[in-house]
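Hi there,

Here is the structure I promised to pass on to you. Have a look at it first, and then read my notes below.

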Amino acid sequence: MLNLVLFGPPGAGKGTQSEKLIARFHLVHLSTGDILRAEVANQTTLGLEAKKLMDQGLLVPDEVVIGMIESKLDAHPHSQGFIFDGFPRTQAQAKALDDLLHRKTTSITRMLALEVGEEELIARLLNRGKESGRADDQDESVIRKRINEYTTKTEPVRAYYAAQGKYTGINGIGSIDAIFDSLCQAIDQSVASK
Ligand code: ADP
């Protein structure tokens, strides 16, 4: 199986690149942000609770997202692999993901981290807010809060995968196709060296 963690701050381009990677490598896309937004749209109990945190730019509790990921993994037993987008966002989530995959006799192949500076991120997110209507992209203070959550809670996940020798940094500035090429090269290399 090819199991990728696509990592990077809000606005780094994870969603855009995920779509292209799924098409190329025939993977199932697991975006905790998308799953949570679907829960919010359907006004489930989980969605109503999550919305309060998401609107403030705060992370949803680990147990909630880990449970969501587990049920999505179980829903695709014959997949050739998964792309994890926006997950894991804390070291506890990373550990839980390792345990889940281990139970399914598989593991993470590689973490690919898109690197983009803070001012570029804010500009991209404000622009996305105008186009997509996503509430958490429309308010600069919420965007800064999300970047702060990323820096304090999510950034350590990088070290978690680096310690396993699974981390690759990718420059996230440039054309969509050029970044996609860098990602594909990194994936081909890690598959070849297995
Ligand atoms: P972004 O575009 O900012 O990277 P996402 O679309 O991935 O954000 O997620 C939007 C919001 O959903 C986050 O700000 C957070 O509140 C919540 N969320 C998504 N994934 C997770 C996760 N793995 N752990 C905790 N909260 C999450």
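Let's start with Tyr 161. Setting aside neighbours within four places in sequence, Tyr 161 is in contact (heavy atoms within 4.5 Å) with Val 5, Pro 88, Ala 94, Leu 97, Ile 108, Met 111, Lys 166 and Tyr 167.

Before going further, please note that this is a predicted model, where local features need pLDDT of at least 70 and side-chain atom pairs count only at pLDDT 80 or more, while totals for chains, interfaces and linings use all residues. Residues are numbered from 1 along each chain as its sequence is written, and side-chain values use heavy atoms, leaving out hydrogens and water.

Tyr 161 and Val 5 are also among the residues with the most contacts inside the largest nonpolar core, which has 29 residues. A nonpolar core here is a set of buried Ala, Val, Leu, Ile, Met, Phe, Trp, Tyr and Cys residues joined through side-chain atoms within 4.5 Å; buried means under 20% relative accessible area (1.4 Å probe, protein chains only). A second, separate core of 23 residues includes Phe 25 and Leu 114.

Now for the sheet. Strands pair if DSSP finds at least two bridges between them. Strand E1 (residues 2-7) is joined to E3 (residues 81-85) by 5 bridges, and Val 5 stands opposite Phe 84 in E3.

Enjoy exploring!

Terms used: Buried means under 20% relative accessible area, exposed over 50%, partly exposed in between (1.4 Å probe, protein chains only). Helices (H or I, at least four residues) and strands (E, at least two) are DSSP runs, numbered from the N terminus.
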